[in-house]
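Visitor: I would like to learn how to read strands and sheets. Please show me the structure and take me through it.

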Amino acid sequence: MKLKLSLFLLFGLACFKGIAQNKPILYDFTEVPQALMLNPGADVSYKWHVGVPAFSGLSLAIGVKGFKVTDLFAKDGIDINTKLEKLIFSRTPNDHVYINQQIEFINAGMRLPNDKDYISFGFYEEFNLIAYYPKDLAIFGFEGNKEIGRVFNAESFKFKTDLVGVLHIGINRRFSEKFNAGARFKIYSSAAEVRSLNNSGLFFTTQGIDNVYRHNLQDINLSIQSAGLFNGTDYDEKFYKHLTNKLFLGGNLGLGFDFGLTYKPNEQVKVTASIQDLGFIKYNKMVTSISAKGSYVTEGVKLQTPIISGVNYFQQIIDGVEKAIVRDTIFKSYTSFRSPKINASYAYSFGLPHSAECFKPQFDNPLRNQIGIQLYSIVLPKQPQVATTVFYYRRINKYLRTKVTYTVDSYSASNIGLGLTSHLGHFNLYGSFNNLFSTDFYNSNYNAFQFGMNFIY
Amino acid sequence: MSSLKKLTVLSLLLLFVFSACVQNNNVDFTQVDQINLNQQIKGSMISFTTTIADFGDANNLPFLDFNFNTPLDAFSNATIQNELVKLTFHFNFENTFNRDFAFTFNFLDANGAVVYTALAMASKKDITTQDVIVEGLSVEQIKRATQVAINVTVINSVPANTIDNTVGAYVRFKLGATFDFSNSPQATASLIDITSSLPDLTNFDGSNLPFTHFDFVTPLDIFNNTTIQNNLVKSEFHFEIENTFNRDFELIFQFLDGNNQVTYTLPIVINKVSKTISDVTIEGADLVNLKKSKKVNITADVINATTIDNTPGAFINFKSSASFSF
């Protein structure tokens, strides 16, 4: 059962993909104040806004690279063990899982009397998980070392997960009718982090000389770090009780910045760019790091004659490994960098001016339609992930605006997204859904939504 | 349209768009119960090279045997206890003595009782490899071992019990093992344990000698169980029969369905004045048929004779157990 659990964990970790934090619909969807969270230099024109507490921004994104739930659990009449074996051996160590979940508890903003600056601030909770498929570990768990000579590499074991509260304040300045820029300052308060990113070493079994097999542990260097979860080596049983406090400045603290700009060379063209989460968290509370380092070669116990009865010779194998592979547990602080995200876009507006259809014009964009292209990249532990989006934006009527996106990334070439935002009086309701035409959640590599409510003036 | 109606319509639209993405009628997560992981770990265990000097002074023949034991903690490991289903010992001997050696590995429990014995032989002036497979109920027995006692004796020597004193002769011994693990649930149960003496047997046909046959039928409810029907993938029966009668017997288990049709037949020959150990594995189509059984008809026949042996004190001790894999 432990083996089954292990395999499941491995597959659970191997399910998601790193592009999941991409929000192509919400990016530069300036009718929604949350667009400022993706680009603090977005071209917004509100006097003030306030989000419905805890409901102003809910988002969940689950991305999968190299695996779909149906690959394993489809009702296809194929034995699940056959499917599992195929998956284990066919996936690559670059396949990974990424989950990003956010809940905004506070989001508000106001334009300053100078009419140029818009201050926005708030607090949100964010959960992240990225885990690469530890292929060699999975194969060892699945079939052991029955294939003599197969090399198992510890490098493929790589994951990071954290739960963070983010208190932020940003300023957006309209320098001219053509140029906006903004910045956001963030204080991170991490409730917990667990990561294992720098593992190396080989394990392999060959035919032995003095005995049947020779087992090689070569340059093993394994480490796992955690913060916020353990008092020494004991799990913090009051973790959930203290969670709110930890998320709101009571956890391990860090700093970060977002920067962004918008440039409109004429009334039809808009260029934007932003970078988010240039920052770090310094972990010094409840930090536990466990490591194992060393090399060892064994062919079992080689008894020296005369053989003495009663001596625990088999224990000598274990003792040998423990002596050669040094394990250590330390409680030293460390710094963890956030995963920076970069967005950029080029948009072209066209069509009738809003005034021609009795829509109250907004001076920033008087045209009804917009098409454009967006680029997104996130820096992940192994390599940056990149996505390209083309979009069509339309102000349908006085109440409703929409944005349709088509996103291509290294995982999917069929990601159609739809965003809707309504303005009923001062009440704003928005929602966006990625991978719209993937009607089967379990047969999709990517599922994400954002949803929220605000009052905007 | 009022604002409230518009808001309602919009909310429903958003809800529809989201819920349309979540369908689960083409997946079956209960398949996880069918996952059967079969991990195999190969490992070297012990090795040694022994020369004539280790057997004592070569000039002080004869050599009788050589013993040592060592604690064995590995079987107390939880994974081994729960998931080990097969163990294969790989023996390798390089013997340059002009003598054959018999190696006996007695695995002992905490009370010093032998729970499993593995035998291997190192042939003279030869390289010998031998695999000893431990599976089924024997695996359950060896898991109780906490130490192993190794005994080496010289065999087939002339004169008897003498070591070859060839200078430079040696035995190079290597022992590796392959551990096969499975996460499939397994249940092991003792079944029948009965000792029948002469009066018991003769009473079966209500008379005294001669005895040639007895049979009885007993209901078998175990296969009515839903878990057994749906998940049982292998049954392993283990029989240990000690027969001190001077007669051979044939014992036949005939499994019958509700219409008295035979679903599976299991014959066991019990040799006279002997101890018979028999392991029977039932899987695949045979198991499908076996699951249809509602009762079992057990018959015993004397074979190669027409009368029972009437030696006073003779008995048959019959023990059986079964291991079910799900």
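Visitor: How many bridges join strand β4 of chain B to β5(B), and in which sense do the two run?

Guide: First the terms: strands (E, at least two residues) and helices (H or I, at least four) are DSSP runs, numbered from the N terminus. Two strands pair if DSSP finds at least two bridges between them. Here, β4 (residues 100-108) of chain B is joined to β5(B) by eight bridges, and the two run antiparallel. Take B:Asn106 as an example: its bridge partner in β5(B) is B:Thr117.

Guide: A note on reading the names: this is a predicted model, in which local features need pLDDT of at least 70 and side-chain atom pairs count only at pLDDT 80 or more, while totals for chains, interfaces and linings use all residues. Residues are numbered from 1 along each chain as its sequence is written, and chains are lettered from A and ligands numbered from 1 in the order in which they are written.

Visitor: Which sheet does this pair belong to, and which strands are at its edges?

Guide: The sheet is open and has four strands, in the order β2-β7-β4-β5 (chain B), with antiparallel pairing. Its edge strands, β2 (65-71) and β5 (114-122) of chain B, each pair on one side only.

Visitor: What is the order of strands in the open sheet of five?

Guide: Read across, the order is β15(A)-β1(B)-β8(B)-β3(B)-β6(B), and the pairing is mixed. At the edges are β15 (301-302) of chain A and β6 (126-135) of chain B, each pairing on one side only. β15(A) pairs with β1 (residues 38-51) of chain B in the parallel sense, over two bridges. In that pair, A:Lys302 has B:Ser47 of β1(B) as its bridge partner.

Visitor: Which strands does β20(A) pair with in hairpins?

Guide: One hairpin joins β19(A) to β20(A) through six residues. β19 (residues 367-378) of chain A and β20(A) are antiparallel, with ten bridges, and A:Ile371 stands opposite A:Tyr392 in β20(A). Another hairpin is formed by β20(A) and β21(A), with four residues between them. Nine bridges join β20(A) to β21 (residues 400-409) of chain A, again antiparallel; A:Arg395 stands opposite A:Arg401 in β21(A).

Visitor: Which residues of β20(A) are on its covered face, and which on its uncovered one?

Guide: In a regular strand the side chains alternate between the two faces of the sheet. In β20 (residues 385-395) of chain A, the covered face has A:Gln385, A:Ala387, A:Thr389, A:Phe391, A:Tyr393 and A:Arg395. The uncovered face has A:Val386, A:Thr388, A:Val390, A:Tyr392 and A:Arg394.

Technical notes. A residue is buried if 20 or more other C-beta atoms lie within 10 Å of its own, exposed if 12 or fewer, and partly exposed in between; C-beta atoms are placed from the backbone.
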